Amino acid sequence: MDREQAIDEAHAALTDGALDDAAALKRVVELLFEAHPTWSWVGVYLLVGDKLILGPYVGPDTEHTEIPVGTGVCGSAVETGRNLVVGNVKQVGNYLACSPGTQSEMVVLIKDDGDIVGELDIDSDDLDAFAPEDLDAIRPLADLAGPHCRRLAAALS
Ligand code: SME
C-alpha cells in the first residue's frame, strides 16, 4: 500500500462511522505502519489526567503503558504543547526506550476543541527517519482522531 492510499483509508476510518473509536484508531496505526517500512512502531497514547495511557498500537510490546506528562519524548510533547521530531533519540536526556533498535521518533499531538487529548507516537530504527512531509501528512489525521481519543480517554478517567 502506498502512503497516499494509507492516508486516504485512515481518513475514511476516522470519519465514516463504520468502526468504533478504538477500532478506528487501530486501523489508522495499522495503515501508517503498513505504508512506511522504516517505521517500527506506531501507536496512540490517550491523555488521562496527567498521564498518557497506551491505546492501539502496532509493533513490539512496550513497558511504557503509562507515561507521566513531562517524561520522555511523549510526555514532553504534552508538557510543551508541541509536536516533536527527534532525529536521534540518543541525544534526548529523558528518552524512554521502547525497543533497543529505535533511533528516531516523531510525536504528533491529538487535539479536540483545542485540548490535547492524546498523541500519535511513531518510532523508527533509522536515524532521521521523519521528514517535514511526514508531519504534514499525519497532522490532519491527528485532528480527525481528536473526538475518538477524547471519548476513549473519558472512559478511562
Ligand atoms: N520513546 C517514548 C516512549 C514510548 S515508546 O517508544 C513506545 C518516549 O520517550 O516517551
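Predicted model: local features only at pLDDT ≥ 70, side-chain atom pairs only at ≥ 80, totals over all residues.
1. Let's start with α2 and α4. Helix α2 covers residues 21-35 and helix α4 covers residues 132-156. Their axes come within 9 Å and cross at roughly 150 degrees. Angles over 145 degrees count as roughly antiparallel, so that is the label for α2 against α4. The crossing of α2 past α4 is left-handed.

2. Who makes that contact? On the α2 side, the residues are D21, A22, A24, L25 and L32. On the α4 side, they are I138, L141, A145, H148, C149, R151 and L152. By class, this α2 and α4 contact has nine nonpolar residues, one polar and two charged.

3. Next, α1 against α4. Helix α1 runs over residues 3-15, and its axis sits 9 Å from that of α4, at an angle of about 15 degrees. Since angles under 35 degrees count as roughly parallel, α1 is roughly parallel to α4. The α1 and α4 crossing is left-handed.

4. For the α1 and α4 contact, α1 brings R3, I7, A10, H11, L14 and T15. Helix α4 answers with D134, A137, L141, L144, A145 and H148. These residues split into seven nonpolar, three polar and two charged. If you're colouring by contact, note that L141, A145 and H148 of α4 are listed here and are also listed in the contact with α2.

5. The remaining pair here is α1 with α2. Their axes are 9 Å apart, at an angle of about 180 degrees, which makes α1 roughly antiparallel to α2. Helix α1 uses R3, A6, I7, E9, A10, A13 and L14 to meet A24, L25, R27, V28, L31, L32 and A35 of α2. The class count for this contact is eleven nonpolar, no polar and three charged residues. From α2, A24, L25 and L32 take part here, and they take part in the α4 contact as well.

6. What surrounds it? The lining of the largest cavity is made of 13 residues, and Y45, C74, L96, E105 and D121 lie nearest its centre. The elements giving two or more residues to that lining are β1 (39-48), α3 (72-80) and β6 (115-124).

Key:
Residues numbered from 1 in each chain as written. Heavy atoms only, no water. Axes fitted to C-alpha atoms, helices over the stretch in contact; angles between N-to-C directions. Helix = DSSP H or I, 4+ residues; strand = E, 2+ residues; numbered from the N terminus. Parallel < 35°, antiparallel > 145°, perpendicular 65-115°, else oblique. Left-handed = near helix turned anticlockwise from the far one by under 90°. Contact = heavy atoms within 4.5 Å. Nonpolar A, V, L, I, M, F, W, Y, C, P; charged D, E, K, R; others polar. 1 Å grid on protein atoms, 1.4 Å probe; cavity = no way out; pocket = protein on both sides within 12 Å on 5 of 7 lines; lining within 4 Å.
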